Amino acid sequence: MKRKICVSAFLALTCLCLFSGVMLLQEGLQRKHEKEANLLLAEKVRQAGERRQEQNLSAGLSEKEKNAEDAADGKSFVLPEYRELWEENKDLAGWLVIEDLEIDYPVMYTPEEPEYYLCRGFDKEEADSGSLFIGEGWSPEGANTIIYGHHMRDGTMFGNLIRYDSESYAREHPFIRFDTLAEKGEYQVIGAFYSRIYSLKEKDAFRYYWYIDLREKERFEEYIDRVKAASLYDLGTDAVFGDELLTLSTCSYHEKEGRFVVVAKRTA
C-alpha cells in the first residue's frame, strides 16, 4: 500500500514537472516571438529613414527643406520613418529610443481606452510584454508626456530602465530620443526616483502620474520641485517653465505597487 502511494506521488510530481516545463517553454517562445516582432518594427523604421536620406541626397535637399516641401504639397505630415507603421496602425503616437538600454519601440496612444496596449503588441494581438503607451489625459500642449511600459525580466520594454537608479549611469547616458509622428526630439535626464501608486487617503503624496497638464507655471514648477526632491541624485540639470518634459514609468518590486520613474526635459 505504501509503495502504491509513493508511486502515485512520484507520477503526480513527474506530471507537474512536465506541465511546468511545457508552460515555461511556451512562455519562452511567446517572449521570443514578441521580441522578434518589435525588432522587425525597429528595422522597418531604420530602413525607411535610410531611404528618406537617399532621396534627400539625390534631390539635393536637407531634411528640413524636404519636410517644408512635403508640407507645401499638402501631404498629411508624418515623418517618413513612421509613415508606413502609422498607416498600419493609427494608434501610433511616437517612437522612443534609449540605445544602450536596447529601448527602440513604438509608443501608442488610445485616449478612449488608455491601457489598451498594456497587454497588446503593435498588431493589437495579446502580448505579455505589451507595448509602450502614453497615459490618460495626455495632450501635446500639456508639456509632459508620461510613457508607461512593463518591467520585463528579459530586459525588453522598460526592463532595463532601472539602470537609471545609478547616478554614474545617468551621467554617462543622459540623453533619450522621443519622436512624435511629426517631429524628432531629444531629451536630457533631470532625475530618477522610486515611487508607488498611492491610495487617495494618503495625504501629501507625490503622485507623479497626476502631473499631466503642466501649462500653468505654478503646476509646472511644483512638479519639477517634487521630482528634484524625490530624485536619487542631482545631475545639475534644471527645467524651467516652457520646457517640454518626458516622464518614463515602469513597475518596481521594491514594494507593493512600486514604480520607478525617469524624468527628462527636451533639449532639441
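**Entry 1: strands**

I count two strands as paired if DSSP finds at least two bridges between them. My helices (H or I, at least four residues) and strands (E, at least two) are DSSP runs, numbered from the N terminus. The model is a predicted one, so I kept local features at pLDDT of at least 70 and side-chain atom pairs at pLDDT 80 or more, while totals for chains, interfaces and linings use all residues. Residues are numbered from 1 along each chain as its sequence is written, and side-chain values use heavy atoms, with hydrogens and water left out.

I began with β7 (245-251). β7 and strand β8 (residues 258-266) pair in the antiparallel sense, and I find seven bridges between them. Leu-245 has Lys-265 in β8 as its bridge partner. The two strands make a hairpin with six residues between them. In that turn, Glu-257 has a positive phi of about 60°.

I then looked at the pairing of β7 with β4 (144-148). Here the strands run parallel, joined by five bridges. Ile-147 is bridged to Leu-248 in β7.

Is β7 enclosed or open to the outside? Six of its seven residues are buried, so β7 is largely enclosed by the rest of the structure. For burial I use relative accessible area: buried is under 20%, exposed over 50%, and partly exposed in between (1.4 Å probe, protein chains only).

Next came β5 (residues 175-180), which runs antiparallel to strand β1 (residues 92-98), with four bridges joining them. Leu-96 is bridged to Phe-178 in β5. β5 is also antiparallel to strand β6 (residues 186-196), with three bridges. The partner of Ile-176 in β6 is Tyr-187. β5 and β6 form a hairpin as well, with five residues between them.

**Entry 2: aromatic rings**

I listed 15 aromatic pairs in the structure. A pair means rings of Phe, Tyr or Trp (its six-membered ring) with centres within 6.5 Å; planes under 30 degrees apart are stacked, over 60 edge-to-face, and the rest tilted.

Why does the pair of Phe-220 and Phe-241 count as edge-to-face? Their planes stand at 80°, with ring centres 5.9 Å apart, so edge-to-face is the class. The pair links distant parts of the chain, 21 residues apart: Phe-220 is in helix α5 (residues 217-230), and Phe-241 is in the loop between α5 and β7. Phe-220 is buried at 1% relative accessible area, whereas Phe-241 is partly exposed at 39%.

I also noted one aromatic cluster, formed by Phe-193, Phe-206, Tyr-208, Tyr-209, Trp-210, Tyr-211 and Tyr-223.

For charges over rings, I required NZ of Lys or CZ of Arg within 6 Å of the ring centre and within 35 degrees of the ring normal. The charged end of Arg-120 sits over the ring of Tyr-116, 3.9 Å from its centre. That of Arg-153 sits over the ring of Tyr-253, 5.4 Å from the centre.

**Entry 3: pockets and the cavity**

I searched on a 1 Å grid over the protein atoms alone: a cavity is a set of points where a 1.4 Å probe fits but cannot get out, and a pocket is an open set with protein on both sides within 12 Å along at least five of seven lines. Lining residues have an atom within 4 Å of a point. Points are joined across faces, edges and corners, and a volume is the space filled by probe spheres set on them.

The largest pocket has a volume of about 440 Å³. It is lined by 20 residues, of which Glu-115, Phe-133, Gly-135, Tyr-148 and Tyr-209 are the closest to its centre. The elements giving two or more residues to this lining are β3 (132-134), β4 and β7, and β7 gives the largest share, three residues. I sorted the lining by class into 12 nonpolar, five polar and three charged residues (Ala, Val, Leu, Ile, Met, Phe, Trp, Tyr, Cys and Pro are nonpolar; Asp, Glu, Lys and Arg are charged; the others, Gly among them, are polar).

The second largest pocket holds about 270 Å³. Of its 17 lining residues, Trp-138, Pro-140, Thr-145, Phe-178 and Thr-180 are the closest to the centre. β1, β4 and β5 each give two or more residues to this lining, which divides into nine nonpolar, four polar and four charged residues.

How many cavities of 30 Å³ or more are there? I count one. The largest cavity has about 40 Å³ of space. Its lining includes Arg-31, Glu-34, Asp-154 and Met-157. By class, that lining has one nonpolar, three polar and four charged residues.
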